[in-house]
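Let me put the sequence and the structure up, and then we'll walk through a few bits.

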Amino acid sequence: MRRLLGFVIGLVVALLLTLFAGENPWHIFLILTKSAFGSMYDLGLTLSYTTPLIFCGLSVAIAFHAGLFNIGAEGQLTMAVVTAAAVGVLFPEVPFPLAPLVGFSAALLVGAFWGWIAGWLRAYRGSHEVIITIMLNFIAAGLASWFTLKVIPNPHSQNPETALVSANYMFKDYDLIARLFPDTPANASLGFAIVFALLMWIFLWKTTWGFELRAVGSNPEAAHRAGISEKKMQMLAMALAGALAGCVALSEVLGSAGQYRMGFSPDYGFIGIAVALLANNNPLGIIAAAFLMGALHKGASDLDLETSTITRDFSRIIQALIILGVAAQGYWEWMKKKKRRKN
Amino acid sequence: MELTALFLALLFATLRLATPLIFAAMGGFMSERSGVVNVALEGFMLSGAFVGAVVGHQFASAWMGWAAALLIGLCVGALYALFVIELKADQIISGMALNLLVMGLIPFITKILYNSTGSTPALLVEDRFRVEPLVMALLLVGVLTFWLYKTRSGLWLLFAGEHPQALLASGVSVRKVRWAAVCASGAFAAWGGASLSLFLASSYSPLMTGGRGFMALAALIFGKWKPVPAFLACLLFAFADAMQIRLQGVRIGEVEIPVQFVQILPYLVTIIALAGFIGKSRSPKALGQEGF
């Protein structure tokens, strides 16, 4: 409940900021809701943002449960998406049911590897995972840009994007969600995302490894005495986090675009932090939180068109203020103290 | 002879590029030594770079920009202090959120001021700083080293980060020490940003810090949370940056090194530095401890 209130406070403060740009906050709020849910087309776009946000939210959350802060989802998903595109372009002969599976597995592996680097460095070298993952984000962006422009560029386009993967890699023909929302990138990976959230809930609360992972995060000392290897769990958590972020390859490459386009992600990795925080790292809550943040992002990206003074970057302000609103749980005690002082 | 010239050019480039890092690392030093984790350095730097460039252009004076960067640094630092010290928000989460907020607010304000979201208008070349920020950065390292170990308030900072209970027992408010330290941290890091937009370049361009706030934090850790070693670490990272700029377009035999490989060099060096020196680095004992 307090989280929801924090969310509302963050959103209201963000909307009030638009007064400085000479806009009416209520009007902006209406634009946000209308362009997020106004039509099937808008809803489809909202859902297409929701899917990667679920994956990234889960990624941030699983690291959080092990006491680690994964700011690297952005780099992990970049590496994975490029990998999926590369596999699809370089091995066009693989037949259909196998092809998406191969592409997806390769993406998962590379994403997991990119996350594992930070976990390993944390476990064995004591390096702060926040700094390492940020640096890995920059490195991933550099590698992706080189691979896209120099190795498999799209021969039919001037845009910075890879060539299209062979049609065998796409599951469009079997995609019910995509049929429901024609002309939008929404696709069946939304279903996969929800299944993954369920699986993660089972993993965390119903399996031994999940218990050990949470033990390391909530009480490292007790976990150590119980004979749980902190190092192993840190590496596992970061590898899983990387794999979950890597699932974005499913919605982006195999499900909709069929290629890696530089800058396709509006910093999903960072919005994922807000998603995880809003849901208190609960996998099932993340589904709802991702939908909420996806809607806000879709709404904010239309501000470019609907107003002359506010740009899509406004989405970042909303996200930041929501994170701050939710994170500042001490607010309540502070208020109480103030009240007491007055009395 | 030519080699000496090349060496000197590289040395000067390293020192210039180190300036923003040094300021930001000293900002990180203030905050972390007082016990407050600071991953918001990137946001502090960005706000300093932006406001410095805007005000500097408005008054056609780099010094005015420098002063404005100081002010905005204090404000953003105070905002961060409000959240982590008073509202007890998680330090890493609020730090990242603050970065995000600054990244969103800058294009928001640019749009209102200049009706665009790109770079700010540039200063005239003769209005830019020549070496002043570099000199100030070097002075700051010296002053902080002296201040930390030789003055009473320097020891307060140390104790706030190492043993806040003791500081509390001696009748000094840990809360106030941390507030002051985090505000100073904002100011120093903002100067780091301003030295990007008023010294290395002549305007603000979007996200121009490029992760330097985090590199500065890495330099601080690499330098065991001490001013002079952190300064040396900044030089190392700046050297990687200078090499990166110099190596762009260089060929080995027939093959040109892809520019992207060269560009990731500073980030790679940062990771290697952080990973390679375990054990020797000990963080302030009460780093991240809340509730004072």
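So, helix α4 of chain A, residues 73–90: it has 18 residues and reaches 25 Å from its first C-alpha to its last. That's close to the 26 Å expected at 1.5 Å a residue, where the expected span is 1.5 Å times one less than the number of residues. Helices here are DSSP runs of H or I with at least four residues, numbered from the N terminus. Of the 18 residues of α4(A), 17 are buried, so this helix is largely enclosed by the rest of the structure. Buried means under 20% relative accessible area, exposed means over 50%, and partly exposed is in between, with a 1.4 Å probe and protein chains only.

Quick housekeeping: this is a predicted model, so local features need pLDDT of at least 70 and side-chain atom pairs count only at 80 or more, while totals for chains, interfaces and linings use all residues. Residues are numbered from 1 along each chain as its sequence is written, chains are lettered from A and ligands numbered from 1 in the order written, and side-chain values use heavy atoms, with hydrogens and water left out.

Now, how much area is buried between chain A and chain B? About 4000 Å², with carbon and sulfur atoms giving 81% of that; buried area is the accessible area (1.4 Å probe) lost on putting the two parts together, summed over both. On the chain A side, A:I131, A:M135 and A:L324 lose the most area, together 16% of what that side buries. Going by contact, meaning heavy atoms within 4.5 Å, chain A puts in 47 residues and chain B 43. And salt bridges between the two chains? The count is 0, taking a side-chain nitrogen of Lys or Arg within 4 Å of a carboxyl oxygen of Asp or Glu.

A:H128 sits in the loop between α5 and α6 of chain A. A:H128 is partly exposed, at 26% relative accessible area, and touches B:I92 and B:I221, leaving aside residues up to four places away in sequence.

Over all chains, the structure does hold 9 salt bridges. One of them joins A:R122 and A:E129 at 2.5 Å, N to O; A:R122 is partly exposed at 28%, whereas A:E129 is buried at 3%. Another pairs A:D302 with A:K298 at 2.9 Å, and both of those residues are buried. A:D42 joins in too, linked with A:K298 and A:D302 in a network of salt bridges.

Definitions and conventions. Helix = DSSP H or I, 4+ residues; strand = E, 2+ residues; numbered from the N terminus.
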